[in-house]
Amino acid sequence: MLTKKWNTTDAPVDEMGFGRWVSDVLLENTAFGALCKLGKAFPSTCPSLSRFCAGMLSHSEQVDASWSMLSTVRSVRFNEMEWSVPAARGADALREIKALIARREFPLMFPLEYRWVKGDDIWLSPDHGRDSVHISVHQYVGMPFERYFDAVQAICLNHGGRPHWGKVHSLKAAQLSRLYPRWGDFLALRERMDPQGRFLTPYLRGLFGL
């Protein structure tokens with residue numbers, strides 16, 4: 001397990017030294033990408049390769065601007081699903097997903113991510129009206145992900161989860177309308193602001209049930 005913490009500070013920004021380049025570029029992208037390709041070719045090796053990747057991590061500290069620290073260059077391609085689950089239900093959802101992964105039905109190279117997010121009042125925010133935890137799962141590009149993602153989706157929905165809008169999920173308007181208290185208000189506002197549907201795509205029409 002790797003824990004990341006971000007704190008505000010007045011300390012001077014660290015320069016991009018050789019050690020940081022090794023970590024950010026060589027290990028997290030080049031080397032990890034090569035190991036993912038190996039896992040794709042030989043799926044049975046994925047658990048061992050994943051443990052090896054985790055063993056390469058070590059404690060480090062870094063000072064930089066927030067835009068640099070909170071956005072990371074990723075040259076390794078992957079599919080991703082992310083769910084916002086009520087904070088009080090997050091641990092239970094995580095335990096169920098860990099049990100799912102432990103059965104080793106799916107060859108996985110990427111870690112599971114778990115983070116806390118403060119609630120807000122944005123109508124279609126996954127964190128509307130509640131503090132949440134976000135649970136993200138990934139699969140290397142070209143490797144099967146559908147059954148794994150479907151199982152994670154079922155677990156998160158059972159715990160009151162809402163999907164990340166920019167990542168993989170299979171929910172439609174009928175299901176989404178039950179997850180967002182202001183869903184109807186949003187659709188009414190959308191219709192008022194764009195009555196001719198100029199900003200709608202075929203995907204959005206299906207998503208909103210239009």
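Is Arg 104 buried or exposed? The legends below take up this residue and several other sites in a predicted model.

**Figure 1. Arg 104 in a loop of the predicted model.**
Arg 104 is exposed, because its relative accessible area is 57% and exposed means over 50%. The residue is found in the loop between α4 (87-102) and β2 (113-117). Look at its backbone too. Phi of Arg 104 is near 55°. That is a positive value, in a residue other than glycine.

**Figure 2. The protein chain as a whole, for orientation.**
The chain has eight helices and four strands. Along the sequence they follow the pattern α-α-α-β-α-β-β-α-β-α-α-α. The C-alpha trace spans about 55 × 45 × 35 Å along its principal axes. There are 210 residues, and buried residues make up 33% of them. The accessible surface comes to about 13500 Å². Carbon and sulfur atoms hold 59% of that surface. The chain has 26 positive and 22 negative side chains. The centres of these two sets lie 7 Å apart. Now take the contacts with a separation of 6 or more. Residues 24 or more positions apart account for 69% of them.

**Figure 3. Phe 78 and Phe 110, a tilted ring pair.**
A search of the whole structure finds eleven aromatic pairs. In one of them, the rings of Phe 78 and Phe 110 have their centres 5.1 Å apart. Their planes stand at 50°, so the pair is tilted. The pair links distant parts of the chain. Phe 78 belongs to strand β1 (residues 78-86). Phe 110 sits in the loop between α4 and β2. The two are 32 residues apart. Their exposure can be compared with the 20% limit for buried residues. Phe 110 counts as buried because its relative accessible area is 14%. Phe 78 is partly exposed, at 29%.

Which residues do ring pairs link into a cluster? They are Trp 165, Tyr 180, Trp 183, Phe 186 and Phe 208. The charged end of Arg 162 sits over the ring of Tyr 180, 5.2 Å from its centre.

**Figure 4. Glu 82, a buried residue in strand β1.**
Glu 82 lies in strand β1. Its relative accessible area is 2%, so Glu 82 is buried. Which residues does Glu 82 contact, leaving aside neighbours within four places in sequence? The list holds Arg 115, His 134, Ile 135, Ser 136, Arg 162, Pro 163, His 164 and Lys 167. One of these contacts, His 134, is 52 residues from Glu 82 in sequence. In space the two are 6.6 Å apart, C-alpha to C-alpha. Arg 162 is also among the contacts of Glu 82, and its charged end sits over the ring of Tyr 180.

**Figure 5. Leu 2 and Asp 10 in the segment before α1.**
Leu 2 has its place in the segment before α1. At 48% relative accessibility, Leu 2 counts as partly exposed. Leu 2 and Leu 57 are 55 residues apart along the chain. Their C-alpha atoms are separated by 7.7 Å. Asp 10 lies in the segment before α1 (18-41) as well. Asp 10 is exposed, with a relative accessible area of 82%. How far apart in space are Asp 10 and Ala 31? The distance is 33 Å, C-alpha to C-alpha. In sequence, Asp 10 and Ala 31 are 21 residues apart.

**Figure 6. Ser 177 in helix α6.**
Helix α6 covers residues 173-179, and Ser 177 lies in this helix. Is Ser 177 buried or partly exposed? Its relative accessibility is 31%, so Ser 177 counts as partly exposed. Ser 177 and Gly 209 are 32 residues apart in sequence. In space they are 9.8 Å apart, C-alpha to C-alpha.

Terms used:
Residues numbered from 1 in each chain as written. Predicted model: local features only at pLDDT ≥ 70, side-chain atom pairs only at ≥ 80, totals over all residues. Heavy atoms only, no water. Buried < 20%, exposed > 50% of the residue type's maximum accessible area, 1.4 Å probe, protein only. Contact = heavy atoms within 4.5 Å. Areas by Shrake-Rupley, 256 points an atom, 1.4 Å probe, with all protein chains shown as cover. Lys, Arg positive; Asp, Glu negative; His and termini not counted. Charge placed at Lys NZ, Arg CZ, Asp CG, Glu CD. Phe/Tyr/Trp six-rings, centres within 6.5 Å; stacked < 30°, edge-to-face > 60°. Lys NZ or Arg CZ within 6 Å of the ring centre and 35° of its normal.
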